[in-house]
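Let's take a walk through this structure together. Keep the sequence and the 3D view side by side as you read.

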Amino acid sequence: MNVTFDLDGTETTVDVPPEKPLRDVLREDCDAKSVKDACDSGRCGSCTVLLDGTAVKTCLVPAAQADGQSVTTVAGIEDGTLGREVQDALEEHFALQCGYCTPGFVLSALSYLDDDPSADREDVRSALGGNVCRCTGYEKIIDAVADVAADLE
């Protein structure tokens, strides 16, 4: 099946089985290696992308679902955007170590802050509950995203 979508601003068409996980299509067919491969069950969030602006765990999304939609990876976040503010805040708060989980956290935070720019710390904690980090713990990540939310008010 041909699946056509906008990948970080570039129209992309791939010929893949419709049930192939979007994560595998992005990594294997589109060379989008910022989309991480980890749990295969949606528990870790490292494969999160924005599908038409909504954070989705691509290990759970069949490729056919992306047809005609916009896919944003962390590599597609441009300077001067809210996504860049989230990335900068994570760096300023020393909220990353190995970086494997970071793209998923950035995109989950971005999707949430787009929907609720007045989020408080507990809202942020809840919004990021589907993402797992083995290195830093969560407080620094939550601090970073909560600071971005506070700046949006």
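First, some ground rules. This is a predicted model, where local features need pLDDT of at least 70, side-chain atom pairs count only at pLDDT 80 or more, and totals for chains, interfaces and linings use all residues. Residues are numbered from 1 along each chain as its sequence is written, and side-chain values use heavy atoms, with hydrogens and water left out.

Start with helix α2, which spans residues 82-92. Helices here are DSSP runs of H or I with at least four residues, strands are runs of E with at least two, and both are numbered from the N terminus. The buried residues of α2 are Leu82, Gly83, Val86, Gln87, Ala89 and Leu90. As for the words, buried means under 20% relative accessible area, exposed means over 50%, and partly exposed is in between (1.4 Å probe, protein chains only).

What do the buried residues of α2 pack against? Their partners are α3 (102-115) and α5. That brings us to the largest nonpolar core, which has 25 residues. Such a core is a set of buried Ala, Val, Leu, Ile, Met, Phe, Trp, Tyr and Cys residues joined through side-chain atoms within 4.5 Å. Val86, Leu90, Leu113, Leu128 and Ile141 have the most contacts inside this core, and α2, α3 and α5 each supply at least two of its residues. Zoom in on Leu90: leaving aside neighbours within four places in sequence, Leu90 is in contact (heavy atoms within 4.5 Å) with Ala95, Leu96, Thr102, Val106, Ile141 and Ala144. Apart from this core lies another one, of 20 residues, among them Phe5, Leu7, Leu51 and Val61.

Now for the charges. Side chains of opposite charge can pair when their charged atoms come close. A salt bridge here is a side-chain nitrogen of Lys or Arg within 4 Å of a carboxyl oxygen of Asp or Glu, and a search of the whole structure finds eleven of them. In one, Asp40 pairs with Arg23, with the closest N and O atoms 2.6 Å apart. Asp40 is in the loop between α1 (22-29) and β3 (48-51), while Arg23 is in helix α1, so this pair links parts of the chain 17 residues apart. Arg23 counts as buried, at 5% relative accessibility.

Another group is a network of salt bridges that links Arg121, Glu122, Arg125, Glu139 and Asp143. Within it, Arg121 and Glu139 meet at 2.6 Å, N to O. Arg121 lies in helix α4 (residues 121-127) and Glu139 in helix α5 (residues 139-152), so the pair ties together parts 18 residues apart in sequence. Glu122 and Arg125 form a salt bridge too, at 3.6 Å between the closest N and O atoms. Both lie in helix α4, three residues apart, about one turn of the helix.

Not counting residues up to four places away in sequence, Lys36 touches Arg23, Arg27, Ser46, Cys47, Tyr100 and Pro103.Cys47 leads on to the cysteines. With a disulfide taken as a pair of cysteine sulfur atoms within 2.5 Å, the count comes to zero. For Cys44, the nearest cysteine sulfur is that of Cys39, 3.7 Å away. Cys44 is buried, with a relative accessible area of 13%. For Cys47, the nearest cysteine sulfur belongs to Cys59, 3.8 Å away, and Cys47 is buried at 3%.

Asp31, in the loop between α1 and β3, has a positive phi of about 55° although it is not a glycine. Phe94 follows α2 and has a positive phi near 50°. Phe94 is exposed, with a relative accessible area of 63%, and Asp31 is exposed at 55%.
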